Amino acid sequence: MPGVELDVVDEVFRSEAGKAVATLIRLFGDIDIAEEAVQDAFVVATKRWPDEGLPPNPAGWIVTTARNRAIDELRRESGREDRHVRAFELQIQSEPDPVEGPVIDDRLRLIFTCCHPALEPSARVALTLRLLGGLQTGEIARAFLTSESAMAQRLVRAKRKIKAANIPYRVPRDADLPDRLGSVLTVVYLIYNEGYAASTGDELVRSDLCGEAIRLARLLRAMMPDEPEVIGLLALLLLTESRRAARTDGAGSLVMLSDQDRDLWDRELIDEGQTLVRASLRRNRPGPFQVQAAIAAVHSDAADAGDTDWRQIVLLYDRLLTLSPTPVVALNRAVAVAELEGPSQALALLEDLRLDRYHLYHATRAELLRRMGDIEGADLAYERAISMTGNEVERRFLEQRRVAPT
Amino acid sequence: MTQYMMSVYDAEGVQDLPEDQIAKIYADVDAFNQELMAAGKWVFGGGLHPAETATVVDMSGEEITITDGPYAETKEHVGGFWIIEAADLDEALDWAGKATRACQGAVEVRPFQDEPQT
């Protein structure tokens with residue numbers, strides 16, 4: 001039998017670990033047992049598969065091996081006659097083949113647990129990456145530029161709370177679904193955003209996080225195909241992702257949307273994103289992610305920046321502002337108004353926003369003042385923006401804009 | 001089933017509400033208690049006298065000391081609590097939502113440890 005390379009095992013791990021962990025959590029009702037058993041199963045796979053080759057059904061093999069390991073472990077811990085262990089064995093024997101069918105629901109249940117509003121928001125993100133994305137604690141810590149021990153502690157604390165407070169492992173009932181789904185979508189969006197506009201560090205995009213977020217969004221779409229906001233989120237991520245290659249230049253500096261080489265935009269992602277936007281809007285249950293995706297879709301329609309349908313974009317921002325009336329949305333709307341009606345109209349809109357601590361507020365003000373010829377005012381605003389950003393690429397960009405000729 | 005303690009936190013001065021408002025809170029809490037009992041989720045509950053009536057007994061030193069006043073040096077003290085049975089945290093949070101509406105104070109939900117297995 002032909003053996004396989006170790007990176008094939010890694011690949012199976014990436015695609016199957018989340019599924020296996022979710023299934024084991026359902027069977028054993030315990031996250032730690034599930035995680036350990038799945039890790040163990042992959043250790044066995046790493047030893048065997050390179051010589052023996054892939055089993056006919058690698059995903060099923062992992063789940064079967066992991067659940068046998070977990071039962072062994074429970075036996076070892078509690079003695080052979082323990083009735084809990086026997087109850088597990090009975091329940092597990094009646095399980096259908098673990099590969100098809102209910103597996104998808106397991107992951108859906110698990111993501112609602114990971115994103116439960118009773119957990120701290122940063123812990124929701126970390127748990128989701130760890131349990132559903134199969135990322136190691138060290139990888140998550142690196143992605144969020146924190147120490148491995150701090151991240152491990154955050155995960156342990158969250159898992160302890162899930163267990164002690166009995167946070168359920170199920171898809172919420174219909175009445176709670178919109179709210180709770182909102183929390184799940186926000187977590188996936190945060191993962192993408194942290195990858196796309198890393199808040200700290202010297203690299204603008206951490207692509208592994210972007211890829212993971214898109215994978216999770218696709219998973220949600222497969223599991224909840226009729227939820228328009230799920231479609232909206234996936235569309236938004238794909239349309240944003242489509243511009244990635246154009247977003248930085250050869251030297252790694254940030255390129256503004258209006259200056260991007262649109263030939264570098266990924267047409268395939270744009271087509272997929274736009275199709276999804278249309279599909280979601282047809283359902284006529286608009287939500288913030290759908291409208292943001294629609295705005296991104298309008299941008300992708302324009303062959304060059306001058307072609308952009310700003311009237312349409314301002315209308316969509318009006319809609320977004322009624323759905324999520326936040327100062328950041330109002331700021332983005334003002335940027336669109338600047339294109340449609342001119343910088344002074346936009347600047348007037350900025351005056352009422354309470355965003356003094358947000359670096360992009362000052363960057364936007366600076367840009368508008370510059371366009372109006374107020375070089376001194378612009379300089380001050382750039383200085384404030386620069387002092388507030390922790391991302392090295394953004395800082396360089398703002399410094400360049402500050403001295404650029406008008 | 002898990003047991004949860006739902007504690008109500010009163011900011012100081014809440015007793016100074018107008019009488020008709022206090023009467024409404026009493027009536028709402030009473031209705032909430034009835035609902036908890038009818039659902040079979042009630043374990044125990046009650047309102048407490050103000051924190052100034054508390055006495056702290058402490059043996060962390062050499063001997064027992066007795067001190068007047070509440071233990072925590074804060075403006076918010078537990079004003080009352082319920083102990084409920086719920087299937088999981090989601091159910092407990094539903095009850096807590098009804099509780100905070102009835103008593104008009106923030107409600108902290110905390111799980112009890114499992115009883116030691118005998």
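1. A word on helix length to begin: the expected span of a helix is 1.5 Å times one less than its number of residues. Keep in mind, too, that this is a predicted model.

2. With that in hand, look at helix α6 of chain A, which covers residues 121-132 and so has 12 residues by the helix runs used here. From its first C-alpha to its last, α6(A) reaches 16 Å, close to the 16 Å expected.

3. How many residues of α6(A) are buried? The count is 10 of its 12, so the helix is mostly covered, buried meaning under 20% relative accessible area. The buried residues are A:A123, A:R124, A:V125, A:A126, A:L127, A:T128, A:L129, A:R130, A:L131 and A:L132. After the helix comes A:G134, with a positive phi near 65°.

4. Over in chain B, strand β5 (residues 76-86) is mostly covered as well, with eight of its 11 residues buried. Its partner is strand β2 (residues 42-47) of chain B: β2 and β5(B) pair in the antiparallel sense over five bridges.

5. Now for the surface of chain B.

6. Why does B:M59 count as exposed? Its relative accessibility is 55%, and exposed means over 50%, so B:M59 qualifies.

How values were computed: Residues are numbered from 1 along each chain as its sequence is written. Chains are lettered from A and ligands numbered from 1 in the order in which they are written. This is a predicted model: local features need pLDDT of at least 70, side-chain atom pairs count only at pLDDT 80 or more; totals for chains, interfaces and linings use all residues. Side-chain values use heavy atoms; hydrogens and water are left out. Helices (H or I, at least four residues) and strands (E, at least two) are DSSP runs, numbered from the N terminus. Buried means under 20% relative accessible area, exposed over 50%, partly exposed in between (1.4 Å probe, protein chains only). Two strands pair if DSSP finds at least two bridges between them.
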